[in-house]
Amino acid sequence: THVQGITLTSAVDFAESTPNVTGKLGVEEVNLGGSLFVKELDSLVEISKVHMALPTVFGKVADGSLSGEVTFKTAPEFSFTVDLELEDADFSRLLEDVQIKLGMTGRLQARIQASGNSELAAMTGEGKAKLFQGRVSGLPAQDFVAGLLQVPALKEIEFEEVVLEYSLADNVLNTPVIRMISPLVQVTGAGRLLLSNKELDHNVTVALSEEVLASVPKPFLQVFEHRDDGFHMIQFRVWGPYDSPSTDLQHRLVQGVTNELLDNGLNLLR
């Protein structure tokens, strides 16, 4: 953690055997391991021999508002707890700040609760993130699926909302809820990501509107199931390295083509 521009106004209580410090903390910028940049941070602060608490954190992240509380303990061993909320952050700006190349835009709202110690693998947590009115493009699995289905509309999707719910334990990020809503394409899924080697394992459902389905090659249409809302969906699994995942979608498509050829052959024999 790198901290720049600290201002601390405090009072010290010597009434007890161990002095306690209370006051107000201001920080120009906090860099949390290059993964989160907080600017203009303000909070009340409580410091004792065994802990430091920031019970009223306020700050800015990627032009959005951050609030919550953070506590560090040094005895009997180092540990921390975090409970933060982020409102109306610019997601593309956030990615730019941490130098991550990911083709997603939108306004981010998130809740983060985490606790841990000096071992990163021991961190636990849970949270929920929502991304509104944005665009997603260039994700490895996204380009792969778009190429297999031969649907250009899947390469760049303008969405109304993306929802992600997660929990973190044993160095595994579980995502029981993944949901993207747009007028033409809807994606839902669930799975997990191993943080140690960035390998994922997800079950995914892609639903296409009638308009988009019209561009799917006719032999592939048999593998789609019709939904009551007018969308047509296909389910498949994605697993392996995040940058070059594998999927059983090829098998589903080949099976659909084979079934159609068999049906056509039987119809000719009749």
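Student: First up, aspartate 97: how accessible is that residue?

Tutor: Aspartate 97 has a relative accessible area of 26%, so it is partly exposed. Keep in mind that this is a predicted model.

Student: Which residue does aspartate 97 form a salt bridge with?

Tutor: That's arginine 93, and the closest N and O atoms are 3.3 Å apart. Both residues sit in helix 1, which covers residues 91-97, and they are four residues apart, about one turn of the helix.

Student: Why does that spacing work?

Tutor: An α-helix has 3.6 residues a turn, so residues three or four places apart point the same way.

Student: And how accessible is arginine 93?

Tutor: Arginine 93 comes out at 28% relative accessibility, so it counts as partly exposed.

Student: Which residues are linked in a network with Arg93 and Asp97?

Tutor: Asp63 joins them: Asp63, Arg93 and Asp97 are linked in a network of salt bridges.

Student: How many salt bridges does the structure hold?

Tutor: Eleven. One of them is between the side chains of glutamate 165 and lysine 128, at 3.7 Å from N to O. Glutamate 165 belongs to strand 10 (residues 156-169) and lysine 128 to strand 9, so the pair ties together parts that are 37 residues apart in sequence.

Student: What are the relative accessibilities of glutamate 165 and lysine 128?

Tutor: Glutamate 165 has 27%, which makes it partly exposed. Lysine 128 is at 34% and also counts as partly exposed.

Student: What about aspartate 229, which residue does it form a salt bridge with?

Tutor: Arginine 227, with 2.8 Å between the closest N and O atoms. Aspartate 229 is partly exposed at 47% relative accessibility, and arginine 227 is partly exposed with a relative accessible area of 22%.

Student: OK, strands now. Which strand does strand 1 pair with, and in what sense?

Tutor: Strand 1 (residues 2-13) pairs with strand 2 (residues 20-31) in the antiparallel sense, over eleven bridges. Threonine 9, for example, has lysine 24 in strand 2 as its bridge partner. Strand 2 is also joined to strand 3 (residues 37-47) by ten bridges, again antiparallel. There, valine 30 has valine 38 in strand 3 as its bridge partner.

Student: And which strands pair with strand 8?

Tutor: Strand 6 (residues 79-90) pairs with strand 8 in the antiparallel sense over nine bridges, and alanine 89 stands opposite leucine 108 in strand 8. Strand 9 (residues 124-137) also pairs with strand 8, antiparallel and over nine bridges. In that pairing, arginine 107 has phenylalanine 132 of strand 9 as its bridge partner.

Student: Where does threonine 105 lie?

Tutor: In the loop between strand 7 (103-104) and strand 8 (107-116). Threonine 105 is partly exposed, with a relative accessible area of 22%. Leaving out residues up to four places away in sequence, threonine 105 touches Ser92, Leu131, Gly134, Arg135 and Phe159.

Student: How far is threonine 105 from arginine 227?

Tutor: Their C-alpha atoms are separated by 29 Å, and the two residues are 122 residues apart along the chain.

Student: Last topic: which residues are buried in helix 2?

Tutor: In helix 2 (residues 140-149), Gln142, Val145, Ala146 and Leu149 are buried. They cover an arc of only 100° around the axis, which puts them on the same side of helix 2.

Student: What comes just after helix 2?

Tutor: Glutamine 150, which takes a positive phi of about 60°.

Definitions and conventions
Residues are numbered from 1 along each chain as its sequence is written. This is a predicted model: local features need pLDDT of at least 70, side-chain atom pairs count only at pLDDT 80 or more; totals for chains, interfaces and linings use all residues. Side-chain values use heavy atoms; hydrogens and water are left out. Helices (H or I, at least four residues) and strands (E, at least two) are DSSP runs, numbered from the N terminus. Buried means under 20% relative accessible area, exposed over 50%, partly exposed in between (1.4 Å probe, protein chains only). Contact means heavy atoms within 4.5 Å. Two strands pair if DSSP finds at least two bridges between them. The arc is that of the directions from the helix axis to the C-beta atoms. A salt bridge is a side-chain nitrogen of Lys or Arg within 4 Å of a carboxyl oxygen of Asp or Glu.
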